[in-house]
Amino acid sequence: MTNTERPLAISAPEPRTLDLIFSDKARAELYAKYEIVEADPENIAGLGGEILGRARYVIGQPPLSAETLARMPALRSILNVESNLLNNMPYDVLFERGIHVVTTGQVFAEPVAEIGLGFALALARGIVDADVAFREGSELWGGEGNASARLIAGSEIGIVGFGDLGKALRRVLSGFRARIRVFDPWLPRSILEENGVEPASLENVLTKSDFVFVVAAVTSENKGFLGAEAFASMRRGAAFILLSRADVVDFDALMAAVSSGHIVAASDVYPEEPLPPDHPVRSLKGFIRSAHRAGALDSAFKKMGDMVLEDMDLMDRGLPPMRCKRAERETVSRMRSKPVAVN
């Protein structure tokens, strides 16, 4: 079989790489089944008419204009392996032509949910502070070291957002016999109830929870929607755990709420990444910090490649993609997440 007989895929996966998202076996399969043209994401239009005309798939989400798409008559799918949906291509044109836009973000749901549980346990039991005190020789033994400790078991938990990550979080919390309330204005009550959680207003999630997990995507409507008023409404001593994107909160207000002692918090994401060395959150007591590493497991990245291969195989056979998550016409242009800067 010659290269011209194989379907052509344009590879522009930045900030990922093919080595990151494909195992050796999967990468060999990719190159055996497809002609791969590696491209600068900023210059897809410069690839030339012959390549653009034959391209069946784009692996990545490079900026694409309507004019460039018009030169790609064979295109069947944009396979987004960054996983945030950027507003950098004319989605209306893609949908009108029946071109699938799919993402692999669900591979991060389980690892992020697990670290979220770790944050909750660490905040509830003071694990990080106790470890630091032990290292410094100032540890408190037994009950003296548990003055502010609490249990997750039997507690009241709130989740803001209930996509793949919210559902994974509910699963890892299922053994704690907690009452779980969820606020997600994009979902009907029945879906929440079928997943064993209680539909609730944002106010009830904030005011009635011992632990609040924020896993909502950033949209054109919700940027910075959790601010000083929201944090002030939370129970004193409650834990606020940010796992999705920093832009959904007023980060300065969050730091102020923690600094005042009203709440404790943990975050894997920040308004600027990497975070400046002198950023005040680095030394903020009552705040657990993680460097955008919650989902960045090699096993998750490799699962991306497997999903991409499976969906490309389905589309090669005239079937719709089923492993990756399809972008929706009504919501894709409302997404406002920033691209991941580091792996």
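The points below go from the domains to the backbone and then to the salt bridges.

1. **Ground rules.** This is a predicted model, in which local features need pLDDT of at least 70 and side-chain atom pairs count only at pLDDT 80 or more, while totals for chains, interfaces and linings use all residues. Residues are numbered from 1 along each chain as its sequence is written, and side-chain values use heavy atoms, with hydrogens and water left out.

2. **Two domains.** The protein chain is assigned a domain 1, made of 8–104 + 298–333, and a domain 2, covering 108–289. These bounds come from an automatic or database domain assignment. Between the C-alpha centres of domain 1 and domain 2 there are 34 Å.

3. **How the domains meet.** On the domain 1 side, eight residues are in contact with five residues of domain 2, contact meaning heavy atoms within 4.5 Å. The size of an interface is often given as the accessible area lost when the parts come together. Here domain 1 and domain 2 bury about 500 Å² between them, and 59% of that is on carbon and sulfur atoms. Buried area is the accessible area (1.4 Å probe) that two parts lose on being put together, summed over both.

4. What does the rule find across the interface of domain 1 and domain 2 by way of salt bridges? There is one salt bridge, a term that stands for a side-chain nitrogen of Lys or Arg within 4 Å of a carboxyl oxygen of Asp or Glu. D164 and K325 form a salt bridge too, with their closest N and O atoms 3.5 Å apart. One residue pair (both at pLDDT 80 or more) is in polar contact between domain 1 and domain 2. A polar contact is a pair of N or O atoms within 3.5 Å; within protein, one must be able to donate a hydrogen and the other to accept it, and residues adjacent in sequence count only if both atoms are side-chain atoms.

5. Helix α13 (residues 298–316) gives the largest share of the domain 1 side that touches domain 2, namely three residues. Helices (H or I, at least four residues) and strands (E, at least two) are DSSP runs, numbered from the N terminus. Sorted by class, that side of domain 1 has three nonpolar, three polar and two charged residues. In this scheme Ala, Val, Leu, Ile, Met, Phe, Trp, Tyr, Cys and Pro count as nonpolar, Asp, Glu, Lys and Arg as charged, and the others, Gly among them, as polar.

6. **Backbone spots to check.** Most residues other than glycine have a negative phi, and most peptide bonds are trans. The bond from E14 to P15 is cis, with omega near 10 degrees, and P15 sits in the loop between β1 (8–12) and α1 (18–21). E273 and P274 are also joined by a cis peptide bond, with omega about -5 degrees; P274 is in the loop between β11 (264–267) and β12 (287–289).

7. **Positive phi values.** S83, which is not a glycine, has a phi near 95 degrees and lies in the loop between β4 (77–80) and α5 (91–96). H292 has a positive phi of about 45 degrees and is placed in the loop between β12 and α13. Buried or exposed? S83 counts as buried at 17% relative accessibility, and H292 counts as buried at 18%. The cut-offs are under 20% relative accessible area for buried, over 50% for exposed, and partly exposed in between (1.4 Å probe, protein chains only).

8. **Salt bridges overall.** The whole structure has 16 salt bridges. D19 and R27 meet in one of 2.7 Å, N to O; D19 is exposed at 52% relative accessibility, and R27 is partly exposed at 24%. A network of salt bridges links E156, R179, R181, E198, D210 and R235.

9. D313 forms a salt bridge with K33, their closest N and O atoms being 3.2 Å apart. Because D313 lies in helix α13 and K33 in helix α2 (residues 24–33), the pair ties together parts that are 280 residues apart in sequence. R54 and E35 meet in a salt bridge of 3.0 Å, N to O. This pair links helix α3 (residues 49–54), which holds R54, with strand β2 (residues 35–38), which holds E35, 19 residues apart. R54 is partly exposed at 24%, whereas E35 is buried at 15% relative accessibility.
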